[in-house]
Amino acid sequence: MKMVISGSKGHHLAYKIAKKLSIDFVPCEVRLFPDGELYIRITKDPYNKSIIYLQSCYGDPSRDILEFIFTVRTLKELNSKEVIGIIPYLPYMRQDDRFKNYEVVSAKILFEIIRESGLDMLISIDIHLHRLADLTRIFGFPIVNLTAMEKLALASLEYFDDRDIIVVAPDSEAEQWAKLASDTLNTDYIVLQKVRHGDEEVTVSGELSGVEGRSILIVDDIISTGSTLVNTLKELRKFNVKRVIAACTHALLVRNAEEKLFNAGLDAIISTNTVLNPYMKVDVADIIAEYLSRHFTKN
Ligand code: R5P
């Protein structure tokens with residue numbers, strides 16, 4: 001017996017996944033005590049059931065992650081048969097190393113806490129992986145990293161006037177997504193170099209002559225403040241380029257990111273619904289449900 005349950009920010013995806021897999025959908029009751037602490041109740045007995053638990057993390061990632069950990073631990077205490085956790089956008093991944101003395105390496109600690117919660121498997125989409133490669137081997141429990149990049153590349157086609165598209169990765173980390181997108185569109189890609197000087201201070205450089213006269217698809221995992229893309233656009237606009245579309249999996253769009261991007265000459269943003277935003281063109285519920293259905297058939 002299986003059950004899909006959702007955290008406070010997971011309903012939009014958990015409901016669809018439950019429907020696609022014909023499994024019961026059970027939202028958790030989540031509210032804040034007057035002092036800001038979380039109250040959580042699982043509203044149906046999880047005893048001896050395989051639980052698919054989905055919680056999105058954005059807006060208040062620390063609280064959302066804590067809600068996830070509390071709920072997983074409780075599902076295990078209440079003797080669920082297994083708990084498969086889904087965090088479509090996994091936060092805290094960018095600090096995956098100690099760049100300055102004494103810094104917290106949040107990515108590693110987060111995986112360790114999730115493992116200690118007793119979770120049987122973690123599924124996410126386009127995890128920001130730079131220096132951490134084989135997550136399952138490093139952290140000792142199954143971590144599945146799905147991608148939405150092929151679907152995003154296909155969705156971008158309706159925004160271009162022609163098929164002479166070149167894919168642009170704003171930094172070396174985005175090369176993995178540029179490769180997927182360019183394979184999907186059967187075109188080429190270039191990788192730029194990014195140096196981050198502060199939260200919104202970024203420089204982007206590289207050999208861009210190949211963009212001349214072409215349509216551009218910039219790909220990245222996250223748009224946060226938009227600074228990476230604004231500086232990529234600045235470089236692109238030095239050439240005669242046609243439409244410039246940005247495709248990203250997780251459109252966090254914090255502060256005035258959209259204003260900055262459109263003022264810098266971006267023609268459109270397309271993204272998924274890992275976090276709710278105005279530019280959702282790819283539904284990751286399909287990607288997750290397809291994976292789960294293969295997983296349950298195998299096991
Ligand atoms: C970091 O390397 C990520 O892949 C993104 O490029 C980054 O998070 C985007 O952040 P922002 O929009 O604030 O430049």
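The legends below describe close-up views of a predicted model.

**View 1. Placement of the ligand in the predicted model.** Around the ligand stand 15 residues, of which Asp220, Asp221, Thr225, Gly226 and Thr228 come nearest. Sorted by class, the shell comprises 7 charged, 6 polar and 2 nonpolar residues.

**View 2. Secondary-structure elements that form the ligand shell.** At least two shell residues are supplied by each of β11 (193–196), β13 (215–223) and α7 (227–236). Strand β13 contributes the largest share, 4 residues.

View 3. A polar side-chain atom of Thr228 is placed 2.6 Å from a ligand oxygen atom. For Arg94, an N or O atom of the side chain lies 2.9 Å from an oxygen atom of the ligand. The ligand taken alone exposes 370 Å², and the protein buries 93% of that area.

**View 4. The aromatic pair of Tyr15 and Phe25.** The whole structure holds 5 aromatic pairs, and this view shows Tyr15 with Phe25. A pair of aromatic rings is described by the distance of the centres and the angle of the planes. Here the ring centres of Tyr15 and Phe25 are 5.6 Å apart and the planes meet at 75°; the pair is therefore edge-to-face, given that plane angles over 60 degrees count as such. Because Tyr15 belongs to helix α1 (residues 11–21) and Phe25 to strand β2 (residues 24–27), the pair ties together parts that are 10 residues apart in sequence.

Terms used:
Residues numbered from 1 in each chain as written. Predicted model: local features only at pLDDT ≥ 70, side-chain atom pairs only at ≥ 80, totals over all residues. Heavy atoms only, no water. Near = heavy atom within 4 Å. Polar contact = N/O pair within 3.5 Å; in protein donor to acceptor, adjacent residues only side chain to side chain. Areas by Shrake-Rupley, 256 points an atom, 1.4 Å probe, with all protein chains shown as cover. Nonpolar A, V, L, I, M, F, W, Y, C, P; charged D, E, K, R; others polar. Phe/Tyr/Trp six-rings, centres within 6.5 Å; stacked < 30°, edge-to-face > 60°.
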